[in-house]
Number of protein chains: 4
Amino acid sequence: MSTYQHTFAPMSPNNSLSVRDQIIQTASRLFLTQGYNQTGINQIIEEAGIAKASLYYHFSSKEDLCVEYLRNRAKIWREGLENYLTNITDPRERIIGTFDYRKKFMEESRFNGCSYIRIVSEIPQEDNKVHQQAVAIKEMHRAFFQENAEQIEGITAEEKTDLANTLLLLFDGGSIECMIYKNSEPLIDAKKAVIAALKSLRSF
Amino acid sequence: MSTYQHTFAPMSPNNSLSVRDQIIQTASRLFLTQGYNQTGINQIIEEAGIAKASLYYHFSSKEDLCVEYLRNRAKIWREGLENYLTNITDPRERIIGTFDYRKKFMEESRFNGCSYIRIVSEIPQEDNKVHQQAVAIKEMHRAFFQENAEQIEGITAEEKTDLANTLLLLFDGGSIECMIYKNSEPLIDAKKAVIAALKSLRSF
Amino acid sequence: MSTYQHTFAPMSPNNSLSVRDQIIQTASRLFLTQGYNQTGINQIIEEAGIAKASLYYHFSSKEDLCVEYLRNRAKIWREGLENYLTNITDPRERIIGTFDYRKKFMEESRFNGCSYIRIVSEIPQEDNKVHQQAVAIKEMHRAFFQENAEQIEGITAEEKTDLANTLLLLFDGGSIECMIYKNSEPLIDAKKAVIAALKSLRSF
Amino acid sequence: MSTYQHTFAPMSPNNSLSVRDQIIQTASRLFLTQGYNQTGINQIIEEAGIAKASLYYHFSSKEDLCVEYLRNRAKIWREGLENYLTNITDPRERIIGTFDYRKKFMEESRFNGCSYIRIVSEIPQEDNKVHQQAVAIKEMHRAFFQENAEQIEGITAEEKTDLANTLLLLFDGGSIECMIYKNSEPLIDAKKAVIAALKSLRSF
DNA sequence: TATGAATGAGCATTCATTCAT
DNA sequence: AATGAATGAATGCTCATTCAT
C-alpha cells in the first residue's frame, strides 16, 4: 500500500500529508499532466501551498525532485502490481495480468502515465541523473518480465529471453500509444498480442 | 529524395541551404539531441548563424517551427522507407524490411529519433497543434502497417487488423527502447517478434 | 471636402486610393483606436495590404508617418469645420457652432479623436518633431478662437483674449473628457459653458 | 503627508526606501517624463538599481505597476490638495484654491502631470485595467468639484451641476494645455475663467 | 514604384536558485 | 523547519529599419 495518495485524487491540499509528501504529490500531478519542463517550480509551490525555500529545504534541486518523483511513481506501480497479482501463481497468468493492470494504471492516470518514457524524451542526455533513474526503472520492468518468463516450463532459455523482450516491447508500445491516443485500446491490443505470443510457444 | 541534408551531418553552416532550411536543419538536430523544451530559440539562431527576427520571419512561433520539424522528420522517414523498400513487393517482406530500415534510421539519428513520441511526451495537451501534428504522424505509421497487412493473403480481416496493431506496438516499443538504451538491440528484438508473429499466422 | 475617406469608414481596402493615402488612412484608424506606440508598423502594412518597404518608400520613418497623420487629421477637422460654419457669420454663432461640430466630429471618430492631445501624451518630449506638429495644431485651434473673439463687438481687447482662452480650455477639456467617458456629454456641457460665458459678456 | 518622496526629487537611489517604493518612485518619474509605452522595464530596474525579477516579485506585470503608479499619483494629489486647502472653508475659495494648487502641482512635475489623461491617451481600450483605473481617478476629481459646488448657497441644483461640469472642463483643459505648452499660463487662464463663472452665479 | 528577406536591439516575462531570518 | 525577498540568466517574441532586386 502506497504512503501517497493517488496522484489524480482531489486537488485540495491534504493536511495529513507531510510537506515533503505534499510536494511530491503536487509535482507528480503536474509533471504527468503538463510535462517536466513545462512545469515550473512556482506552480508546484503555489499548488502545494508552501514557500519556495521550503521546497529547496526538502529537495536540493528540481532535478532531485524529479528523481524522487520517478522513484515514487515506480513504487506506486510496483506495489499496485504486486497487490493485483496476489494469488496468481501461473507465470502466464501473471504476465497477462500485468497488462490488465497496466490498462487500469493508465486509466487512473488519465493516460498521462509512463513517467520514465516521458522523462527520457524530455531529458535525452545519458549523463543526467534524471535520465539514469528512468533507465533504472526500465530495467526493473525488464527484470520483472524476465523473471516470469523464466518460470514458464517447457521452453528453451532462448525462447524465454525472446519472450521477455517481446513482452517488454508490447508493454512499452502499449503504454506509449495509450498516452498518444488518450485511451486504453492499445493495451487491449497488447494483451491480445501477448496471449498470441504465449500460445505460439506451446503450440507444437 | 529529401531536399534537406541529413540532420546529423556536419554542424558547420552549409551556405548552399536557404535560410529556412538552415533553420529547420539546426532545430531538428537540437530538438532531437536535447529535446524541444530544453532547446531555446537563442541556441537555434546562434548555431544556424542567423538573426532572431529572421527565424520569426520564416516561422511565426517556436511551436510552428516544431510542427515543421515534425513534418520534415516524417517526410525524411517516409521517403527513406519508400526508397529502402523499392523492388520489395511481398507484404511480409515489406513489413520486415520496415523494421530493418527503422534500425538503420535510429542508428543514423544516434538513437534520438522518434520525434513524434518524444514530442507527445513533452507536450501532452491534446489541444496543442504540435501534439496534434505528432498524432497525425502516428496515424501515418498506423496506415502504413494496415495497408501492408491488408495485402497478406489467406488470413481473415480480423487477423489483419490484429497484425497491424501488433506491428505498431512493436514498432513504437522498439523505437522508444532504442532511445532509452541508446542502441539498436530493441529493434533487432522487435524484428524477431515480427517474424514470429508472421510465422504464427500461416501455421494453420 | 477631404481627399481621404473618413477614418472609420468600412475597412475593406479601397483600391481607388493611392498607396500613400491608403497608408495614412490605415495608420489613422489604428493610431486613433489603439494609440501611436501600441500600433506597430507590421499591423499598418498588413491592414493596408502593402509591403513594408513600400511604407518606407513613402514615409522615411514611423515618426514621419505620424506627422502626416496629424496634418491630415487637422486638415479633416479644418475643412469639416469650415463646411459646417458656411453661411454662419455672427462670431458668437460661429463659436457655438464649433462646439456643435466638435461633438459631431468626436462621435464620428467613436470618441477616439483628439489626435494632438493624445500624441503629446505619448510623446512628451518638446524636441520631437511629432510633438512639435501637435503643438502647431493646437496653435491653429487657438488662432481660430482668437480670430472669432476679435470679431465680437462691444468688449475690450482683454475680454477678447480672456474669452479665447476660456473657449480653448473648454474645447480641450470637452474633447479629452469625451475620450475618457466615450460619450459626447462633456461637449454638451462645454457648449453650455460657452453660451454662459458669451452671455456674461453682454449682460451689463 | 505622502510616504513617497516627490517624484522629481534627486535621481540618486534613496536607500531608505523599500524596494517596492523605490520601484514606484522610479517608474513614476519615467512614466511622467517619457510616457508609459516609451518606458521599458529595463530602464526602470536599471535606474531603480534592482534586479528584474525583483520588480516582478512586487508587481505581477508592467500594467499592474502602472495601476499602482496611477493610484500613487492620485494619492499624492489628494493629500497635497487637502493639505493646501486646510483652513479654507468657503466653497468658492476652495474651488479657486484647487486651481492654484493645480498650478503648483503641475509646476512641480515639470508640466508632465496629468497621469490619468495621459494614460487614457496611451491606452484607449476601455477593457484595460490601466484605463479603468484612470477613469476612476477622473471620477474622484468630478466628485470633488461636485461636492464643493453643492455647498455654494443661493443657487439651484441645476446651476450646481452645471458649475461642477464647467469646473471639471476647465481643470482638465488647463492641465492638458500646461502639458502641451510646458508652462502654467493655461492654469492662470483657467483660474480667471473659474472666477468669472463664480461671479456670474451671484450676479442676479 | 514596389517588394521579399534580413537584421540588431529591445521587449515583457519567467526560470531555478539562494540568502538572511 | 519554514519563509519572504532578492537575483542573474534565460525565455519566446516584436520593434522600426534597411537592402538587394
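The legends below describe close-up views of a predicted model. Local features require pLDDT of at least 70 and side-chain atom pairs pLDDT 80 or more, while totals for chains, interfaces and linings use all residues. Residues are numbered from 1 along each chain as its sequence is written, and chains are lettered from A in the order in which they are written.

**View 1. The largest nonpolar core.** This core (buried Ala, Val, Leu, Ile, Met, Phe, Trp, Tyr and Cys residues joined through C-beta atoms within 7 Å; buried means 20 or more other C-beta atoms within 10 Å of the residue's own, with C-beta atoms placed from the backbone) has 101 residues. A:Ile119, A:Leu167, A:Val194, B:Ile119, B:Leu167 and B:Val194 touch the most other members. A second, separate core of 100 residues includes C:Phe59 and C:Phe105.

**View 2. Surroundings of B:Val194.** Leaving aside residues up to four places away in sequence, B:Val194 touches B:Ile95, B:Ile96, B:Phe99, B:Leu167 and B:Leu170. Contact requires C-beta atoms within 7 Å.

**View 3. The protein surface near DNA strand F.** Of the 31 residues around DNA strand F (C-beta atom within 6 Å), those that come nearest are A:Ala53, B:Gly40, C:Gly40, C:Ala53 and D:Ala53. The surface comprises 16 nonpolar, nine polar and six charged residues, with Pro counted as nonpolar, Asp, Glu, Lys and Arg as charged, and Gly as polar.

Note on methods. Buried ≥ 20, exposed ≤ 12 C-beta atoms within 10 Å, placed from the backbone. Contact = placed C-beta atoms within 7 Å.
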